[in-house]
Structures are given as structure tokens and as C-alpha cells.
Amino acid sequence: MPQSYTPEFKKKIVHLHLEEGRTYKSITAEYGVSKASISKWCSEFSEECHTSPEAKAEYDNMKELFKLKRENEELRKENLFLKKAAAFFAKEID
């Protein structure tokens with residue numbers, strides 16, 4: 001018998017995949033939802049974004065947030081590298 005999921009649960013799964021970049025495999029392992037279901041829900045959400053202005057705004061915000069999180073992580077890595085390089089060169093001067 002097919003399992004039925006609430007719209008909130010579906011949006012949560014889509015959010016995990018699109019915004020947080022989680023793979024189908026990791027979501028399937030954690031929540032027990034099939035890859036086909038996740039793919040279908042992502043497609044439905046994408047279609048909904050084309051027809052509903054509120055959903056489109058939410059989708060655009062999710063994409064922007066994901067982009068900013070990736071950029072922030074990259075900048076943290078660069079900052080850590082520069083701190084280590086500065087410490088290295090400071091030792092060379094002494």
C-alpha cells in the first residue's frame with residue numbers, strides 16, 4: 001500500500017535536496033523515502049514555482065540562501081588558509 005506524505009514533509013525533503021544540497025541517497029537513508037518520490041516532489045515544486053508567485057519567491061530565496069551558504073563556506077576556508085599563511089610567514093621573519 002502506498003504511503004501518503006503531508007505537503008509539509010514533502011517541502012522539507014525538497015528543501016533538504018535543493019537548499020542544503022543533500023543527495024537522494026542520503027535523504028533516502030535518513031527518511032526512508034524513495035529516490036523516485038524525491039525526484040517527483042522536486043519536479044512538482046519546480047512546476048508550482050512557475051505558477052504560484054509565493055512558491056516562486058520561496059524557491060528563489062532557497063536558491064539564493066544555498067548560494068550564499070556555499071560562498072560563506074568557501075570564504076571561511078580561504079580565511080583559515082590566510083591565517084595559517086600569515087602565521088607561517090610571521091615565524092619566518094623572526
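K40 is exposed, at 51% relative accessible area. Here buried means under 20% relative accessible area, exposed over 50%, and partly exposed in between (1.4 Å probe, protein chains only). This is a predicted model, where local features need pLDDT of at least 70, side-chain atom pairs count only at pLDDT 80 or more, and totals for chains, interfaces and linings use all residues. Residues are numbered from 1 along each chain as its sequence is written, and side-chain values use heavy atoms, with hydrogens and water left out.

**Fold and overall shape**

- The chain has 4 helices and 0 strands. Helices (H or I, at least four residues) and strands (E, at least two) are DSSP runs, numbered from the N terminus.
- Along the sequence the pattern reads α-α-α-α. The radius of gyration is 20 Å, well over the 12 Å that the globule rule gives for 94 residues, so the chain is more spread out than a compact globule. That radius is taken over C-alpha atoms, and the rule is 2.2 Å times the number of residues to the power 0.38.
- Along the principal axes, the C-alpha atoms fill a box of roughly 70 × 30 × 15 Å.

**Surface and contacts**

- Of the 94 residues, 15% count as buried.
- The accessible surface is about 7,400 Å², and 57% of this belongs to carbon and sulfur atoms. Areas come from the Shrake-Rupley method with a 1.4 Å probe; for residues, only the protein chains shown count as cover.
- Among contacts with a separation of 6 or more, 51% join residues 24 or more positions apart. A contact means heavy atoms within 4.5 Å.

**Charges and salt bridges**

- The chain carries 17 positive and 17 negative side chains, with the centres of the two sets 5 Å apart. Lys and Arg count as positive, Asp and Glu as negative; His and the chain ends are not counted. Each charge is placed at NZ of Lys, CZ of Arg, CG of Asp or CD of Glu.
- There are 2 salt bridges, each a side-chain nitrogen of Lys or Arg within 4 Å of a carboxyl oxygen of Asp or Glu.
- R22 pairs with E30 at 2.7 Å, N to O. R22 is partly exposed, at 21% relative accessibility.
- K40 bridges to E44, with the closest N and O atoms 3.9 Å apart. Both lie in helix α3 (residues 35-51), 4 residues apart, about one turn of the helix. E44 is partly exposed, at 35%.

**Helix α4**

- K91 sits in helix α4 (residues 53-93). K91 is exposed, at 66%.
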